[in-house]
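Thanks for coming. I will go through one structure today, so please have the sequence and the model open.

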Amino acid sequence: MTSPITVQVATSIAAIPAADWDRCANPPAPDGAEADRAGERHNPFLSHAFLRALETSGCVGGRSGWAPAHVAVEENGRLVAAAPTYVKTNSQGEYVFDHSWADAYARAGGRYYPKIQVAVPFTPATGRRFLVSPGQDVEAAHGYLAAGLRALRKEVKASSTHATFVTKTEWDSLGAQGWLQRTDQQFHFVNDGYAGFDDFLAALASRKRKNIRKEREGALADGITIEHLTGPDIREEHWDAFFAFYMDTGSRKWGRPYLNRRFFSEIGAAMADRILLVMAKRAGRYVAGAINFIGDDALYGRNWGCIEEHPFLHFEVCYYQAIDFALSRGLARVEAGAQGEHKLARGYRPTTTYSVHDIADPRLAAAIADYLDHERGYVESAVEQLGEHLPFRHED
């Protein structure tokens, strides 16, 4: 990068031209280049369309606790780097939990909120958060973005800045700049070159293979059929049905679902080719469904719900159908969201996730650094131990 460089804050993604944002968020891979495991090729959650749908639907902004403040770096008036950024007044919808940090700081007389969050709201999926246009010096761009975030933190009098579900490359880069480093774990299905679902099953230990076959048969035992819907096949009636499932699950699990009905219509209109709805039907009506987003390297499972309870239907709709689809598209992996050790028996592997944190108060920073040092050791041990219980034949 050469001067003049300017760093600005956009209080709406609409203020940044979609083509400019997407050039940084999802740059085309060089010819013959292989995809980064962390998703350097197209990640649908980073797209201008997805982030704009969150804003125009009112899922972020207003009283949501997520105020858009996207940091944008320009060189000679051209966007060269950006970060999806929000000023937060709570810690909801992040999936990297810091409530105990906020409580401890409040007891010590500090004010934790507002804070700055670099993230895709309500989306626990790894992807680049420090977005850099092709041809730019990545380390220099990270430095400009970090400086912009620190300036924003001071301007709004925030306690801290948090970048969650970053790539390992970003974790290392920001860690070298003094950000605190945190890890956690998820469960991802990895395509080891399987020709199809039966080929995947053949790689499993006999008992695990039989169990999955039994679950898949049981899920459809009540006359249930499964539909895959993507692109123009997704209509408003499908969103109506899926939203009912989503609201039922959200109300039972955490009390207030984060996404509203308008959001699904917005993404359906803007990016239906990047969406897979897996819908289960019985007796002529939809009874369950899951929404997935299609990247160039991964299928990202996000939300699920049902209005009828059927044995094993959750596993079929969320996990096995996702594997089927990913293998049919030649995708490298399936990311099935946060939590869930039950995914291990169904071929999903423990995988480390990463976040970085920049804390203004040196006393709080020191306490969190000590905590994270112990937590990283625990996560590393947990990933290693869980990896010993994979259902594959060579692990049996």
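In which sense, left-handed or right-handed, does H7 cross H10? The crossing of H7 past H10 is left-handed. Keep in mind that this is a predicted model.

Some detail on that pair. H7 covers residues 206–219 and H10 covers residues 313–329; their axes are 9 Å apart and the packing angle is about 115°. On the H7 side, the contact is made by Ile 212, Glu 215, Arg 216 and Ala 219. On the H10 side, the residues are Leu 313, Phe 315, Glu 316, Tyr 320, Gln 321 and Asp 324. By class, this contact between H7 and H10 has 5 nonpolar residues, 4 charged and 1 polar.

Next, the sheet. It is open, with 11 strands and mixed pairing, and the order reads E2-E5-E6-E8-E15-E9-E14-E13-E12-E11-E10. The edge strands are E2, residues 66–68, and E10, residues 225–229. Each of the two has a single partner strand, so one side of each has no neighbour in the sheet. From one strand to the next, the twist averages 30°.

Elsewhere, helix H9, residues 261–271, lies across E11 and E12, at about 55° to E12.

Now helix H1, residues 18–25. Which of its residues are buried? They are Trp 21, Cys 24 and Ala 25. These residues sit on the same side of H1, because the arc they cover around the axis is only 95°. Among the elements covering them are helix H2 and the strands E3, E4 and E7.

Last, some backbone items. The peptide bond from Tyr 113 to Pro 114 is cis, with omega near 5°. Pro 114 belongs to the loop between helix H3 and strand E6.

Two non-glycine residues have positive phi. For Phe 122 the value is near 60°, and for Ala 283 it is about 55°. Phe 122 is in the loop between E6 and E7, while Ala 283 is in the loop between E11 and E12. Are these residues buried or exposed? Phe 122 has a relative accessible area of 6%, so it is buried, the cut-off being under 20%. Ala 283 is at 71% relative accessibility and therefore counts as exposed, where the cut-off is over 50%.

Definitions and conventions. Residues are numbered from 1 along each chain as its sequence is written. This is a predicted model: local features need pLDDT of at least 70, side-chain atom pairs count only at pLDDT 80 or more; totals for chains, interfaces and linings use all residues. Side-chain values use heavy atoms; hydrogens and water are left out. Axes are lines fitted to C-alpha atoms, for helices over the stretch in contact, and angles run from 0 to 180 degrees between N-to-C directions. Helices (H or I, at least four residues) and strands (E, at least two) are DSSP runs, numbered from the N terminus. A crossing is left-handed if the near helix is turned anticlockwise from the far one by less than a right angle, and right-handed if clockwise. Contact means heavy atoms within 4.5 Å. Ala, Val, Leu, Ile, Met, Phe, Trp, Tyr, Cys and Pro count as nonpolar, Asp, Glu, Lys and Arg as charged, and the others, Gly among them, as polar. Buried means under 20% relative accessible area, exposed over 50%, partly exposed in between (1.4 Å probe, protein chains only). The arc is that of the directions from the helix axis to the C-beta atoms. Two strands pair if DSSP finds at least two bridges between them.
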